[in-house]
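Please look over the sequence and the structure first.

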Amino acid sequence: MGSLPNLVNKLKEINHNNLIDIFIPSQNKKIKFLPLSVKQQKDIIKSGVEGTTSVIVLNNIFNDIITKNSTEKKSYNILDRCAIILALRVDAFGNNFTNNGITYDLSKITKTELKQPDNTKVNYTYKDIINITLEVPTIEQDTAINTYLLDMFKKNEDTPLSEAIGSIYIYEILKYLTEVTVDDTEINFSALNSISTKISVLENLPAGILTDLIKFVQTFRDIESNYLTVDEFTLPLDARIFTQ
Amino acid sequence: MEFKLPIYLPVCKKTVLCRELCNRDYFQLLKYITTNNLAYIGSAFEELIIKLTDKEIVSAYDKFVLLSTLRSIIIGDYIEIYNTQKETIKYSISRIISNLSSEISNVNHNSQIQLDDLAINLSLPTTLYFDNTEDVIKNSIVDIIDGKKVIKFYKYSNDDKDIFFDSLPANVLLKIQEHMSSIMQKIDHLELIATDKRVNVEGIACNLYSNILLEFLKIIYSQDLMQFYELQYNLTTKLNVSYVQFMDMTPAESKIFINFYKKEHKASQTENNKINLAVAAPNTDI
């Protein structure tokens, strides 16, 4: 019987010989990635049964795949994520995706490079009192807050759905906060280790600020959504596209 | 000299010599069947095949043919199945196998996936039992060719198969699924038991990518454990067969001996009845 470790090493060698070139918006260049493995595909599909938290679980899985499969040590952001994950999907399963009997050609998406907008970092001033700096988060920052949120849900399993969705929304905004200055007091969010402290700062901001923060977060959601749209259909970046 | 049954296996297209199933092994098998745990039953059958043939039989369908043929010869060819009206209908196991095998042996069930200089050979599944869909997919891999080395993947443990399978690129999974779909399309009309409206029988599809073959084996080998103990009791007490002798017999031989005993016992009773009648009747001669 052949040696299993030798076989697995052989597979690793094969994967390294079949790297995928993916255009990374934040780097404005192509970087090579290892192809998606069967294990990674299984993890993606399993996330679909997680219920309310499936999106959060799935994003953590995607972030982990990006970190493991990248051949370069780079800081990727959540906008890069949709380009990378889609490219890995197309490499594994081809350009077709069928939804409700209609087959979409994903090469129409991947042939276009997703460009990062110039304003990935913005400043907001609220009534000349509060200055807020927002920046599109890295996948590491995304994972840290997702993990905290999942932990919180696990400890409070009876949280009503509406409350859960509210929490997800607030934590989503939190990912983008890098600095808050009130009068002369500056709070550098990147330096704060405790997520619960960050949340209490956010929750104490005037409600009027949230609208502007949401607009900024939505900008990136819209960029991602527009990129993933083909023939008036927006591709769901979830387990469904990995089961075909 | 040990008697062995020659049994033709349609997937590998070879004849293997198979020892008879003795009561000792049948008894253990019955205990596993009583658990109704398919995983255990599957393992028991796999172990039995190795014991009886000393050979590696790769394809699950070949294992199925071997075990069904063995059952047909050593225990009996007929099984009774209930129809929708709860009536029993008899079926010949050898006929079922013959009909299925003639179709399956005509299907091309081999394909290969090339991964640089690694070749993955696919065929029909190699195990009788599947825990889940992933098991079915994994066990469609027969062997892997690495340069000149042929690695018998079907011999790996489940854990080792998992490690290799998880390391494969995801596009290989798609190719394995395409291989399975292609075979399924060719044999999706096959039935273990054919639908027959004349006798109210609902057909049982023969899906090689499910546990149906194992379920069928479980049914055809099933016997009430108490009946087995009763047979052992009768042979050992009535015919002075020792425990070891009983265990070394085949189930068919056990039945033959017990039938001899019953026939003799019946003849002896008939004789006794005649004598009793003669004694009871008054002597009319004066």
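## Exposure and the model

A residue counts as exposed when its relative accessible area is over 50%, and as buried when that area is under 20%. Values in between are called partly exposed. The model is predicted.

B:R198 reaches 75% relative accessibility, so it counts as exposed. Its salt-bridge partner is B:D196, with the closest N and O atoms 3.0 Å apart. B:D196 has a relative accessible area of 18% and is therefore buried.

## The A–B interface

How many residues of chain A are in contact with chain B? The count is 22 residues of chain A, against 23 residues of chain B. The size of an interface is often given as the accessible area lost when the parts come together. Here, chain A and chain B bury about 2,100 Å² between them. Carbon and sulfur atoms carry 66% of that area.

Polar pairing is also present. Between chain A and chain B, 8 residue pairs are in polar contact, both residues at pLDDT 80 or more. Three elements of chain A give two or more residues to the side that touches chain B: α1 (4-17), α2 (38-47) and α4 (78-93). The most comes from α1(A), with 8 residues. By class, this side of chain A has 10 nonpolar, 8 polar and 4 charged residues.

## Salt bridges across and within chains

Side chains of opposite charge can pair when their charged atoms come close. Over all chains, the count is 29 salt bridges. The interface of chain A and chain B has 4 salt bridges. One pair joining the two chains is A:K42 with B:D166, where the closest N and O atoms are 2.5 Å apart.

Within chain B, B:K152 pairs with B:E56, and the closest N and O atoms are 3.4 Å apart. This pair links distant parts of the chain, 96 residues apart. B:K152 sits in the loop between β8 (149-151) and α6 (158-167) of chain B. B:E56 sits in the loop between α2 (38-53) and α3 (60-74) of chain B. Both ends are partly exposed: B:K152 has a relative accessible area of 33%, and B:E56 has 40%.

## A buried pair in a helix

B:K138 and B:D135 form a salt bridge, 3.4 Å from N to O. Both lie in helix α5 (residues 133-138) of chain B, 3 residues apart, about one turn of the helix. An α-helix has 3.6 residues a turn, so residues three or four places apart point the same way.

## Buried residues of chain A

Helix α8 (residues 195-203) of chain A has these buried residues: A:I195, A:K198, A:I199, A:V201 and A:L202. Why do they line one face of the helix? Seen down the axis of α8(A), they fall within an arc of 160 degrees, so they line one face.

A:L228 lies in the loop between α9 (207-227) and β9 (229-230) of chain A. Its relative accessibility is 3%, so A:L228 counts as buried. Leaving aside neighbours within four places in sequence, A:L228 is in contact with A:C82, A:L86, A:I109, A:F233, A:T234, A:L235 and A:L237. A:E72 lies 156 residues from A:L228 along the chain, and their C-alpha atoms are separated by 25 Å.

Key:
Residues numbered from 1 in each chain as written. Chains lettered and ligands numbered in written order. Predicted model: local features only at pLDDT ≥ 70, side-chain atom pairs only at ≥ 80, totals over all residues. Heavy atoms only, no water. Buried < 20%, exposed > 50% of the residue type's maximum accessible area, 1.4 Å probe, protein only. Helix = DSSP H or I, 4+ residues; strand = E, 2+ residues; numbered from the N terminus. Arc of directions from axis to C-beta. Contact = heavy atoms within 4.5 Å. Buried area = accessible area lost by both parts, 1.4 Å probe. Salt bridge = Lys/Arg side-chain N within 4 Å of Asp/Glu carboxyl O. Polar contact = N/O pair within 3.5 Å; in protein donor to acceptor, adjacent residues only side chain to side chain. Nonpolar A, V, L, I, M, F, W, Y, C, P; charged D, E, K, R; others polar.
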